[in-house]
Amino acid sequence: MRTDIFARLDREPEPPKIEIPRMSRHRIALFGGTLAFYLAIVVAVLVSSWLVALDWKVMLFRPYQQWPELHAFLDYYVVLGQRGPTAVMVASWLGWRSWRQHTLRPLLTLGTSLLLLNVTVGAVKFGLGRLGPHYATQIGSAELFAGGDIFPSGHTANAVVTWGILAYLATTPRARRYLSALSAFVSLGVGLTTVYIGTHWLSDVLLGWAAGLLIMLALPWFEPLITRAETWILSVRARWRAGLGLRRPAPGGPGSPAPVVLPQSLSGTSNSTGITDAEKSCPAPETSGSVAHTGAGGRTRAHSPHAVRSERAPLTPAGSRRPPHADRAARGGTAPAHPVTGGPVAP
């Protein structure tokens with residue numbers, strides 16, 4: 001059983017090297033041709049040319065009455081061009097890609113394209129104010145500057161941008177070709193569906209296709225801005241994480257009390273206060289290099305770094321516990337004489 005398929009769902013160890021599209025001569029030529037087509041449609045509607053007459057013919061044909069069996073399916077299919085559902089679906093996919101590839105570019109590119117779509121398409125919609133087929137008042141009229149907002153078609157332009165961004169962000173040429181064909185098919189179907197239902201004129205759909213394609217062709221011009229925005233966001237995140245790390249107290253850092261381990265006494269018996277009988281009667285003197293500790297009851301105890309055996313026997317109120325030696329004089333007296341050379345000691 002193959003498991004490498006599931007391994008592709010794991011996060012990559014480092015960001016991959018993705019080739020960013022650039023404004024080549026071919027792309028600039030396509031952008032110029034699409035812009036000319038866009039302006040030609042606007043002028044044709046403004047002067048009420050043959051395109052407006054074609055709009056009326058298609059509307060009066062009423063496709064939704066000619067093929068009523070398609071109406072139920074196309075009511076759901078047109079959702080693929082609606083802003084809210086499509087943005088959520090595509091943003092979810094691109095968000096997972098951003099997490100997997102350690103980069104914010106997919107989400108930032110989607111946000112940039114949707115912002116351009118709202119600004120450009122929205123400005124033309126409200127600027128021309130065209131009414132839809134269901135609200136038309138005069139046969140043969142372009143129905144401009146009447147308070148409408150359907151020219152160009154927002155569903156069509158949104159389908160081109162939302163599904164086209166997947167092809168734009170594809171990492172291989174093969175995936176880019178397949179996704180480009182898929183996005184073209186979906187956007188074409190969404191545009192024709194709005195004409196079938198009767199919510200848009202045919203010229204609205206043509207201008208919506210041109211508007212969405214212009215945004216997709218112009219995206220490479222905004223790549224430097226996307227890169228700077230990603231760098232700034234990542235730097236802010238790094239500073240925020242560093243700030244949280246500085247506020248969190250480090251374990252064992254300066255200012256935290258360190259536990260003191262005291263060695264157990266080797267002579268005597270410890271009482272309830274932890275002080276032996278020998279230490280009560282004769283505390284150890286403080287020498288250089290010793291460390292003083294405060295024990296129970298506020299008594300200061302000195303501990304030498306090396307244990308030194310004392311020659312003085314511990315004294316108690318009852319006297320010395322060590323039996324007296326006949327050949328050893330008391331400390332401070334005269335030491336017994338010993339011969340310089342060997343031999344028996346005189347009695």
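Predicted model: local features only at pLDDT ≥ 70, side-chain atom pairs only at ≥ 80, totals over all residues.

Reply: The axes of helix H6 (residues 83-101) and H8 cross at roughly 10°, and an angle under 35 degrees counts as roughly parallel.

Me: Which residues of H8 make the contact with H6?
Reply: On the H6 side the contact uses Arg-83, Thr-86, Ala-87, Met-89, Val-90, Trp-93 and Leu-94. By class, this contact has eight nonpolar, three polar and one charged residues. The H8 partners are Asn-158, Thr-162, Trp-163, Ile-165 and Leu-166.

Me: Are H7 and H8 roughly parallel or roughly antiparallel to each other?
Reply: Helix H7 (residues 105-128) packs against H8 at an angle of about 160°, and their axes are 10 Å apart. Angles over 145 degrees count as roughly antiparallel. The two helices, H7 and H8, are therefore roughly antiparallel.

Me: What is the handedness of the crossing where H7 passes H8?
Reply: The residues of H7 that meet H8 include Leu-110, Leu-114 and Leu-117, and those of H8 include Ala-157, Val-161 and Ile-165. The contact of H7 with H8 has eight nonpolar, five polar and two charged residues. The crossing of H7 and H8 is right-handed.

Me: Why are H8 and H9 described as roughly antiparallel to each other?
Reply: The axes of H8 and H9 lie 8 Å apart. Angles over 145 degrees count as roughly antiparallel. H8 and H9 are therefore roughly antiparallel, their packing angle being about 170°.

Me: How many nonpolar residues are in the contact of H8 with H9?
Reply: From H8 come residues including His-155, Trp-163 and Tyr-168, and from H9 residues including Arg-176, Ser-183 and Val-190. The contact of H8 with H9 also has eight polar residues and one charged residue. The number of nonpolar residues in that contact is nine.

Me: Which helix gives the largest share of the lining of the second largest pocket?
Reply: The second largest pocket holds about 670 Å³ of space. Helix H2 (25-46), helix H8 (154-168), helix H9 (173-197) and helix H10 (202-218) each give two or more residues to its lining. The largest share is six residues, and these come from H9.

Me: Which residues lie nearest the centre of the second largest pocket?
Reply: The lining of the second largest pocket has 26 residues. They divide into 14 nonpolar, eight polar and four charged. Nearest the centre lie Arg-27, Ser-180, Leu-213, Met-216 and Leu-217.

Me: Which helix gives the most to the lining of the largest cavity?
Reply: The whole structure has one cavity of 30 Å³ or more, and the largest cavity has a volume of about 60 Å³. Among the residues that line the largest cavity are Asp-55, Val-58, Pro-133 and Trp-201. The lining of the largest cavity divides into six nonpolar, two polar and one charged. The most, three residues, comes from helix H3 (residues 50-61).

Me: Where is Pro-152 found?
Reply: The peptide bond from Phe-151 to Pro-152 is cis. The omega of this bond is near 5°. Pro-152 is in the loop between H7 and H8.

Me: What is the phi of Ser-48?
Reply: Ser-48 sits in the loop between H2 and H3. This residue is not a glycine, yet its phi is positive. The phi of Ser-48 is about 55°.

Note on methods:
Residues numbered from 1 in each chain as written. Heavy atoms only, no water. 1 Å grid on protein atoms, 1.4 Å probe; cavity = no way out; pocket = protein on both sides within 12 Å on 5 of 7 lines; lining within 4 Å. Points joined across faces, edges and corners; volume = space filled by probe spheres on them. Helix = DSSP H or I, 4+ residues; strand = E, 2+ residues; numbered from the N terminus. Nonpolar A, V, L, I, M, F, W, Y, C, P; charged D, E, K, R; others polar. Axes fitted to C-alpha atoms, helices over the stretch in contact; angles between N-to-C directions. Parallel < 35°, antiparallel > 145°, perpendicular 65-115°, else oblique. Left-handed = near helix turned anticlockwise from the far one by under 90°. Contact = heavy atoms within 4.5 Å.
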